[in-house]
Amino acid sequence: MLVHSRTSDPSASVHDRLYRTLRSQIMHGELEPAAPLTLRGLAKQYEVSMTPAREAVRRLAAEGALTVSASGRVTTPALTNDRIEELAALRALIEPELATRALPRAHFALIERLEAINSQIAQHVAKKDAVGYIRTNLEFHRTLYLRAQAPAMLATLETVWLQLGPTMRALYGRMRKSDTPPNHRIIVAALKAGDEPSLRLAVRTDVTQGLKMLAA
C-alpha cells in the first residue's frame, strides 16, 4: 500500500506508477512494434482514471517510446530502417564509452554479477522467453555501465533502449537464439584482463550486430 504525505498529490503518484509500468513493458519488449494503445483501454486495464493514463502517454511520447498521430491514435513505434540505423549508431557511440569508463572499477564483485546475469540469460533462452531475455540482456549492460559513474550518458542511453524495445522483441524472434550472446563472454574476459580495446570492440559488436541485421 502506497502511503502519501499530506502534501503529496495522489493523482501524480498514480500517473507515475503507470508511466513506470508502461515504460518497463515497452523497454523490455512486452509490446510488439506498432501495437495500438488507447487511453480508455489503459485506464481500464490498470484501474486508473483517464487523467493519469493521458499523462503517462504524454511522457512516453516525449521520450519516443510511443507515437501519437494527428488523429490521436497511440501506438508503439514501428521503426524504419533509417531510424534503426540511427539508434544503432547511438548505441555504438555511447556504450563502448560507458564500458571504458567502467573498466577501472570492474572489480571481482562486478564480474561475478555479470556472470550470474549471463546464467539467467541462458535460462531465458532455454525457455524461449523473449521478454526475460531482453530484460536480463539490458540488466547485463546496465550493471556494467553503472560503474562508469556517468548518469547523464546512461540516462540518454536508456532513452535509446526505450525507443528500441518493441523492435528488440521483433529482432529476438528473427535471431532464433540458442545460447547467451557470445560477445557477453568476451566482455567479461576483457574486464578480467583489463583489455580496453577488446572491451570496446566486444561491446560495439554486441549492441549493433542484431540491429544491423534488422535494417538490412
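This briefing describes the fold, the helix packing, the nonpolar core and several individual residues of one protein.

The structure is a predicted model, in which local features need pLDDT of at least 70 and side-chain atom pairs count only at pLDDT 80 or more, whereas totals for chains, interfaces and linings use all residues. Residues are numbered from 1 along each chain as its sequence is written, and side-chain values use heavy atoms, with hydrogens and water left out. The protein holds nine helices and three strands, where helices (H or I, at least four residues) and strands (E, at least two) are DSSP runs numbered from the N terminus.

**Overall fold and surface**

- Read from the N terminus, the order of elements in the protein is α-β-α-α-β-β-α-α-α-α-α-α.
- Of the 216 residues in the protein, 45% are buried; buried means under 20% relative accessible area, exposed means over 50%, and partly exposed lies in between, with a 1.4 Å probe and protein chains only.
- When contacts between residues at least 6 apart in sequence are considered, 75% of them join residues at least 24 apart, a contact being heavy atoms within 4.5 Å.

- Two packed helices are described by the angle between their axes and the distance between the axes.
- Here the axes are lines fitted to C-alpha atoms, for helices over the stretch in contact, and angles run from 0 to 180 degrees between N-to-C directions.
- Angles under 35 degrees count as roughly parallel, over 145 as roughly antiparallel, 65 to 115 as roughly perpendicular and the rest as oblique.
- Helix H4 (residues 81-102) and helix H6 (residues 130-146) have axes that come within 7 Å and cross at roughly 50 degrees, and H4 is therefore oblique to H6.
- In this contact, Glu95, Leu98, Ala99 and Ala102 of H4 meet His141, Leu144 and Tyr145 of H6, and the residues involved divide into five nonpolar, one polar and one charged.
- For those classes, Ala, Val, Leu, Ile, Met, Phe, Trp, Tyr, Cys and Pro count as nonpolar, Asp, Glu, Lys and Arg as charged, and the others, Gly among them, as polar.
- The axes of helix H5 (residues 108-126) and H6 come within 9 Å and cross at roughly 170 degrees, so H5 and H6 are roughly antiparallel to each other.
- The residues of the contact of H5 with H6 comprise eight nonpolar, seven polar and three charged; among them, Ile117, Ile121 and Val125 are on the H5 side, and Asn137, Phe140 and Leu144 are on the H6 side.

**Nonpolar core**

- The largest nonpolar core has 59 residues, and those that touch the most other members are Leu60, Leu98, Leu144, Tyr145, Ile187, Leu191 and Leu199.
- Such a core is a set of buried Ala, Val, Leu, Ile, Met, Phe, Trp, Tyr and Cys residues joined through side-chain atoms within 4.5 Å.
- Helix H7 (residues 151-175) gives the largest share of this core, nine residues.
- Ile187, leaving aside its neighbours within four places in sequence, is in contact with Phe140, Leu144, Leu199, Ala202 and Val203.

**Residues within helices**

- Asn137 lies in helix H6 and is buried, with a relative accessible area of 12%; not counting residues up to four places away in sequence, Asn137 touches Ile121, Pro181 and His184.
- Ala92 belongs to helix H4 and is buried at a relative accessible area of 18%.
- Beyond residues up to four places away in sequence, Ala92 touches Arg204, Val207 and Thr208, and its C-alpha atom is separated by 7.9 Å from that of Val203, 111 residues apart along the chain.
- Ala189 is in helix H8 (residues 182-193) and is partly exposed, with a relative accessible area of 41%, while the C-alpha atoms of Ala189 and Ile111, 78 residues apart along the chain, are separated by 9.1 Å.

**Loop residues with positive phi**

- Glu47 sits in the loop between helix H2 (39-45) and helix H3 (50-62), is exposed with a relative accessible area of 74%, and has a positive phi of about 55 degrees although it is not a glycine.
- Gln149 is placed in the loop between H6 and H7, is exposed with a relative accessible area of 58%, and has a positive phi near 55 degrees in a residue other than glycine.
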